[in-house]
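Open the model in the viewer and keep the selection tool at hand.

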Amino acid sequence: MSSDPRRTTNPLFSDNKLKLGIFATNVSNGCAITTAPEALELNWPNTLSLAELADRHGYEAMVPVARWKGFGGESNFNGTNFETYTWAAGLAQATKQIGVLTTSHVPTVHPVMAAKQAATVDHISNGRFALNVVCGWFRPELEMFGASMMEHDDRYDYAAEWVEIVKMLWTREDEFDFEGKFLRVNKGFSMPKPIQKPFPPLMNAGASGKGQHFAAKYADMAFIHIDPSDLEKTKAHVAAYRNLAREEYGRDIQIWIGSPVVQRETRKEAQDYVNYYVVEKGDDVACDNMLAIQNIEMHKMMPERAEKMRFGAKMGWGGYPLVGTADDIVAGLEKLSAIGIDGVLLRWVDYWDGLRRWQKDVMPRLEQAGLRIAGGRAL
Ligand SMILES: Cc1cc2nc3c(=O)[nH]c(=O)nc-3n(C[C@H](O)[C@H](O)[C@H](O)COP(=O)(O)O)c2cc1C
């Protein structure tokens, strides 16, 4: 059981052994790179109704993607996207118990502004806010801000200064000056302080060595990449990540992953649906544009490996696929929990259909399996 004082308001510290969040409902298509018509159409009523439903069903978190422009193709994947601080503010007001996150690209917002906006959402939500800190990885969208993207490791040095400043603004009662390599603050001060003490939780998805050190030092939740075909390897990675946080920084962190979900009455139906939205209706142009922006050189890969990567990306941005019946999905989640995963960010093609099926058949089984407490969140 967590002794973190933030557990009195923030479900991210609840007693549920396996925490569940909903990912990417602030961007068109969510995570599915497909032209299937049931993929998420982005408008306020849609994004709001998903948050309200997830709130009623007792999920721990709504996590947005930081996105500024789409990836082209017929779907213009993610091309319509809500800004994540204002999105979180709206959801915070409309929900009662779910954790609400902002995903903040650090180069796009000054830390004085970020600390103030975050504290405001923490007040609107009465202590249910968390901040997902990302450095930016898609050059064309960051270049819209008039600056070139920094080199990889510099991004994390910049982010470290950014987080240090935000934390000081959240906690210090006096004015302070900050003079870093990248950022400067003169007589910095912010009021109100956040509701959560000492400050709202942070999330980060650092995967490189530098990124992992950043997450281990600052984040309460580290979001990791997973090789679905090798859970033993992931188990070792999870243990190493936790050790890094504990031994080098004296901190306990949660480890989260992402999962695209297709739940049906039979395995065949589920697999047929995957084939429909990924193969028949997959948007290969958008997918290849996205991979190219990440400098993933598909033409240099063995065709089989390239196709596997494309398939995973179109299905829902990689992660650990949960495909099959409710029993298959629960078995998958039990495996993830057994290797030390604390939380899973879920995404569907049709989020409403997915949430409904999950609530009816997966949630009760997760409670029976001891992964979640009956009746949703328990503080
Ligand atoms: C599912 C997922 C979603 C991510 N979303 C974003 C995002 O919205 N914006 C962003 O800049 N980076 C995002 N990232 C990238 C991470 O912040 C990080 O840069 C990436 O995992 C590579 O790690 P590295 O920066 O240590 O090399 C995401 C990563 C994953 C796995």
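Select strand β9, residues 254–263. Both of its faces are covered: Gln254, Trp256, Gly258, Pro260 and Val262 on one side, and Ile255, Ile257, Ser259, Val261 and Gln263 on the other, are all buried. Buried means that 20 or more other C-beta atoms, placed from the backbone, lie within 10 Å of the residue's own; 12 or fewer is exposed, and in between is partly exposed. In a regular strand the side chains alternate between the two faces of the sheet. Because 10 of the 10 residues of β9 are buried, the strand is largely enclosed by the rest of the structure. Helices (H or I, at least four residues) and strands (E, at least two) are DSSP runs, numbered from the N terminus.

This is a predicted model: local features need pLDDT of at least 70, side-chain atom pairs count only at pLDDT 80 or more, and totals for chains, interfaces and linings use all residues. Residues are numbered from 1 along each chain as its sequence is written.

Met221 has Gln254 of β9 as its bridge partner.

Now pick Val344. Its contacts (C-beta atoms, placed from the backbone, within 7 Å) include Trp256, Ile257 and Ser259, besides Leu18, Leu20, Leu333 and Leu336, leaving out residues up to four places away in sequence.

Val344 also belongs to the residues with the most contacts inside the largest nonpolar core, together with Met62, Ala88, Val100, Leu101 and Ala159. Such a core is a set of buried Ala, Val, Leu, Ile, Met, Phe, Trp, Tyr and Cys residues joined through C-beta atoms within 7 Å.

Move to helix α2, residues 84–94, where Thr84, Tyr85, Trp87, Ala88, Ala89, Leu91 and Ala92 are buried. Their cover includes α1 (44–57), β2 (61–63), β3 (99–105), α3 (111–124) and β4 (129–134).

Zoom out to the chain, with its 12 helices and 11 strands. Of its 379 residues, 46% count as buried.

Which come nearest? Val134, Ala205, Ala207, Ser208 and Gly211 do.

Conventions. A residue is near a molecule or strand if its C-beta atom, placed from the backbone, lies within 6 Å of it. Two residues are in contact if their C-beta atoms, placed from the backbone, lie within 7 Å. Two strands pair if DSSP finds at least two bridges between them.
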